[in-house]
Amino acid sequence: MKGLELLLLPLLLILKDVSAQWNVWMPKDISAMTNSCVVIPCSFTYPSGIRPYRGVHGIWYFGHPYPQLFPPVVYKSRTDIVHESYNGRTKLLGDLMQKNCTLLINNVGVEHSGRYYFRADLGGANIYTYPDFSNLQVLDKPNIDVPEEIVSDQSLDLTCYVPDNCPDMSPQIHWMYTDYLPDPVFTPDNVEDSNTAVLSSTLTFTPKPMHNGQQLGCRVHYENTTFVYERLISLDIKYAPRTVWVNVSQEVMEGSSVVLHCDVDSNPAPTITWYFGDQELMSEVASNSSLSLDYLTPEEEGVYTCVGDNGYGSMNTSMYLAVNYPPREPWINESLTLLEGSSAFLQCISKGNPMPTLTWLKDGELVGTITADERSILELREITPQAHGVYNCLAENEHGRASNSFNITVEFAPILLDDSKCTIVREGVQCVCIASGNPEPVIEFYLPDLNITINNSNSLFNYRTYSDGYTSTGIIKLQDKGERGNNGDTGVHVHCSISNVYGSESIRLELQQEKKFMMAVIVGTIGGVAVIAFIIAAVRYVGQNNKKETTVITNLLAQWQTWRGKS
């Protein structure tokens, strides 16, 4: 295979040299406006060994270079016979003898757009159709060169082009609808390339977002004619979001629904993303977006942000959505047991929107101050027993109310009440001891003259107790009414003792009538010594004979009463 290629190489070079002598030059592309004219520059060569006889002739074909395909004849130097669409329109401006084949076509129309081929006729067999062609484009509007991307606030050049290949007609370019442009600059130019001419005008300005969608136009007019050509374009200005509109901040009720709207002005359309705080809720490519929120809860109250981003920039706007709801059940202290004299802080917390007012009540009565806050603290200082009771925290706002309560129990040392006394009753002398305390106080009676303690561990002297809340009452009876005596300097010695874990107290009870004291010893000059001796003897007697205490005391009282009567 290599050997064959080496053998053919000299032949290929010879053929190339011969064919290179049949050359034509014409612009590959040329343009003209409808109803105007166009000149297609053309020159050709042929092999130097050929001697034309009877002159040099030429033919211009349209569409195809091969006569056997019967392409339309545009121009023929030997005869005036041409295709009807070119009849009276074409003229050879060049001298074929000078190898100049330049062609003029008048009054061109869109139907004349296409390829034009030249064929040289030197006589005899020396006829050659050149494969190169000139492509004519007939325009009914001027061209405007628009950049692929127009960005706001960046300088923009728009160029309007019109062909200037008709010697008898000179075009003029004017820009239309430029009054609204900021400081437009117009720069004319005339460019010749490969013997084809193009007239241009460049419009320079800095577009703004407001110019997006607006029209600009290029108008071409030929002097001394009525020919006018126009092309309009719509500006597609790319710009970052410049406004993001959302709902104004609003208030809604818990459990209701709301739709938030967002409109973004940008080009191209942005990606709109909704955020709740830092949490992304939804995203879509659109100029506007709606976010639906159903069955709202207080946890959904907060800042909602719409972000628009189209690659040229981003912008966001936020709104605050307030969710109103009635106060929640207050959180309060658990029930407390406090010691008298101590202090305590009572706390109440409730949430609501609007913020609730918190009110403290004790047993239904107002205590402390009304607070417009989610938290209220009631301070109790140097607590007394009167602080005992039911405490209630009431939370209120315009949408409702809620409350919660707890108990405070105050513990304190026993206190002897004023009604504690001994009185003469029908059955004898009755002594009552009344005390208040928490825990419930223990009440005991003591007869110092008899050295006897009376409490709930024995039943002497009809001892009994009962309680009512923090108040306890102890009662004893010492004698019958008929035995109490009505004269003489007598007295009753009865002591009452009260106690609980926080303290104790003892007091001597007074006989309220005649200020006599039960179980007192009548003190006299002679009888005092006898009575004392009598009592001592009786006690010793009890100890020696182990008799029941009740019998001893009964006999003792009887003997004492007999003695008192005699005295």
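Tutor: Let's start with F412, which counts as buried at 2% relative accessibility. Buried means under 20% relative accessible area, exposed means over 50%, and partly exposed is in between, using a 1.4 Å probe and protein chains only. Before going on, a word on the source: this is a predicted model, where local features need pLDDT of at least 70 and side-chain atom pairs count only at pLDDT 80 or more, while totals for chains, interfaces and linings use all residues. Residues are numbered from 1 along each chain as its sequence is written, and side-chain values use heavy atoms, with hydrogens and water left out.

Now for the rings. The structure holds 19 aromatic pairs, and one of them joins F412 and Y470 edge-to-face, at 5.6 Å centre to centre with 75° between the planes. Rings of Phe, Tyr and Trp (its six-membered ring) pair if their centres lie within 6.5 Å; planes under 30 degrees apart are stacked, over 60 edge-to-face, and the rest tilted. F412 sits in strand β34 and Y470 in the loop between β39 and β40, so this pair ties together parts that are 58 residues apart in sequence. Strands here are DSSP runs of E, at least two residues long, numbered from the N terminus. Y470, for its part, is partly exposed at 22% relative accessibility.

Elsewhere, W22, F44, Y46, W60, F118, Y128 and Y130 form one aromatic cluster. Y46 also has the charged end of K99 over its ring, 4.7 Å from the centre. That label applies if NZ of Lys or CZ of Arg is within 6 Å of the ring centre and within 35 degrees of the ring normal.

Key:
Helices (H or I, at least four residues) and strands (E, at least two) are DSSP runs, numbered from the N terminus.
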